[in-house]
Amino acid sequence: MTLSLYLSPFFPILSLSEKDISGCCSHVRIESSGEASEHQSNRLGLFLMSGVYSDRPVYRLSTKEEYLFYLQSRGSGLWMVGPKVGQFNGGLANKADAYCPEDLPDSKWKYTDGSAWHV
């Protein structure tokens with residue numbers, strides 16, 4: 001499975017939190033050429049920055065209510081794509097602890113088929 005994040009830092013960004021998120025891309029595209037595209041096609045596409053959660057940017061899928069956000073846990077967090085910001089209720093996840101999504105390694109993306117998580 002290949003999950004890729006394509007980044008575009010061309011638009012100015014306003015920070016909505018105490019942390020400066022102006023260095024993060026204003027929009028990102030998540031694509032897959034593998035099984036993730038079969039099981040999670042509703043969570044792939046162009047995401048536009050829409051706010052801040054856990055002092056990190058939140059991105060909303062341009063076609064529906066799906067979000068790319070950082071979910072903080074006790075040790076380190078993860079980036080998730082799901083329908084509700086702040087909830088572990090999504091179908092794509094990246095366990096990297098990067099501040100901005102452009103720093104997420106492609107190799108750490110996982111998807112669920114509804115019964116288990118896969119790389």
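I began with E31, which counts as partly exposed at 34% relative accessibility; on the scale I used, buried means under 20% relative accessible area, exposed means over 50%, and partly exposed lies in between, with a 1.4 Å probe and protein chains only. I note that this is a predicted model, in which local features need pLDDT of at least 70 and side-chain atom pairs count only at pLDDT 80 or more, while totals for chains, interfaces and linings use all residues. Residues are numbered from 1 along each chain as its sequence is written, and side-chain values use heavy atoms, with hydrogens and water left out.

I then looked up the partner of E31, and found that its side chain meets that of R29 in a salt bridge, at 4.0 Å from N to O; the term stands for a side-chain nitrogen of Lys or Arg within 4 Å of a carboxyl oxygen of Asp or Glu. R29 is likewise listed as partly exposed, at 33% relative accessibility.

Searching the whole structure, I found 4 salt bridges. One of them joins R43 to E66, with the closest N and O atoms 2.8 Å apart. R43 sits in the loop between α1 (35–39) and β3 (45–53), and E66 in the loop between β4 (56–61) and β5 (67–71), so the pair ties together parts that are 23 residues apart in sequence; helices (H or I, at least four residues) and strands (E, at least two) are DSSP runs, numbered from the N terminus. Both R43 and E66 are buried, and for E66 the relative accessibility is 7%.

I also asked which residues E66 is in contact with, leaving aside its neighbours within four places in sequence. The list comprises N42, R43, F47, Y59, R60, L61, V81, G82 and P83, where contact means heavy atoms within 4.5 Å.

Next I turned to R56 and D97, whose side chains meet in a salt bridge at 3.9 Å, N to O. This pair links distant parts of the chain, 41 residues apart, with R56 in strand β4 and D97 in the loop between β7 (92–94) and β8 (109–112). R56 counts as buried, at 12% relative accessibility, whereas D97 is partly exposed, with a relative accessible area of 41%.

My last entry concerns L104, which is placed in the loop between β7 and β8 and counts as buried at 6% relative accessibility. I looked up its distance to W79, which lies 25 residues away along the chain, and the C-alpha atoms of L104 and W79 are separated by 8.7 Å.
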